[in-house]
Structures are given as C-alpha cells and as structure tokens.
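Visitor: Hi! Could you walk me through this one while I look at it?

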Amino acid sequence: MFAIIFGIAVDDTIHFLAKYNLLLRDGVDKETAIYKTTKETGKSIIFTSLVLSAIIIIILVHNFKYSRFGRECFALRTDELAARSMGINTTRTKIIVFLFSAVITSYAGALYAHYLRFIDPSMFDWNKAAEWIILVFVGGPSSLTGAVVS
C-alpha cells in the first residue's frame, strides 16, 4: 500500500509543479496559479486522502504490533505449539490477523481504483504480483519501516 501511495504522491507532485510552473511562466500570479492548478489537476483531494490514509494505517499497524494481541501473533509466528501451550487460541488469532490484513489490502485497492478510475484484470498479471512480493522482502517481512520505505 505504501509503495502505491508513494508512487502516486510523487507523480501527483511532479504533475502539480509542472502545471504550476507553466502558469507562472504565462504571467499568472501565484494564488491564481495554485487555484487553477488544483482545479485542473483535481489531484489534491486524492493526494490528501492518500497521505492521511497512509498515516492512519501506519499508526494502526504500529499499535497492533506492540499490543498484547501483537505479542500473541509474534509468539504464534515463532512457535505455534508453544503459543498454544501458553493458552493462545491460535485459530482465532490467525483468523483475526487474516481479516486485519484483508481490510488494509482492500482499502488500498479501493484507493488505487479511485485514483485510476478504471480497473482491468490485465493490469495485475504475475509480473505485478512478483513485484509486490519482492517489495515486501526488500523492506523486511516483519518490519513496519521497511514496508513504508519500500
């Protein structure tokens, strides 16, 4: 999700600055240039929602990771038998983690679809799936900062 947000943010920022500079070269004052650029690109609302969504998701995942439930997940990942012997309901924990990741992923997909305004299954081939898996492993599978950076 964070790689999508970063890519969209960079693209929108470059597009916004290019349009803004063209208007300034034509002799339009700064306030009017900002208004026209925002109105013409229409990306400021999407950009703001993406940045706010990224911040909220980072905070949620951070709190989830360092909560009691997050420690249960870490114990489950480390040794399922030991976690079960400590009294952790492993089935319930796995289902909740799956649902939590599905909610975050579906929200990212909804934002991506809103940004593109059209989704086609051919846009998500095996190469794209491999790209996302590589991004996860480059960032670190259990690292929040690695996921944000990658």
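Guide: Happy to. Helices here are DSSP runs of H or I with at least four residues, strands are runs of E with at least two, and both are numbered from the N terminus. This is a predicted model, so local features need pLDDT of at least 70 and side-chain atom pairs count only at pLDDT 80 or more, while totals for chains, interfaces and linings use all residues. Residues are numbered from 1 along each chain as its sequence is written, and side-chain values use heavy atoms, leaving out hydrogens and water.

Visitor: How many helices and strands are in the chain?

Guide: Eight helices and zero strands. Along the sequence the pattern reads α-α-α-α-α-α-α-α.

Visitor: And what percentage of the residues count as buried?

Guide: 25% of the 150 residues. Buried means under 20% relative accessible area, exposed means over 50%, and partly exposed is in between, with a 1.4 Å probe and protein chains only.

Visitor: What share of the contacts comes from residues 24 or more positions apart?

Guide: Among contacts with a separation of 6 or more, 59%. A contact is heavy atoms within 4.5 Å.

Visitor: Let's switch to helix 4. Which residues are buried there?

Guide: Helix 4 covers residues 68–78, and its buried residues are Phe-69, Gly-70, Glu-72, Cys-73 and Leu-76. They line one face of the helix because, seen down the axis, they fall within an arc of 155°. That arc is taken from the directions from the helix axis to the C-beta atoms.

Visitor: What does the face turned away carry?

Guide: The exposed residues Arg-68, Arg-71 and Thr-78.

Visitor: How many salt bridges does the whole structure have?

Guide: The search finds four. One of them joins Lys-94 and Glu-80, at 3.2 Å from N to O. This pair links distant parts of the chain, with Lys-94 in helix 6 and Glu-80 in helix 5 (residues 80–85), 14 residues apart. Another is Lys-128 with Glu-131, whose closest N and O atoms are 4.0 Å apart.

Visitor: Why are Lys-128 and Glu-131 separated by about one helical turn?

Guide: Because they are three residues apart in helix 7, which runs over residues 126–139. Salt bridges with shared partners also join Glu-80, Arg-84 and Lys-94 into one network.

Visitor: Which residues of helix 6 are buried?

Guide: Thr-90, Thr-93, Ile-104, Ala-108, Leu-111, Tyr-112 and Tyr-115. Ala-108 has its C-alpha 9.3 Å from that of Ala-54, although they are 54 residues apart in sequence. Ala-54 lies in helix 3 and counts as buried at 10% relative accessibility.

Technical notes: Salt bridge = Lys/Arg side-chain N within 4 Å of Asp/Glu carboxyl O.
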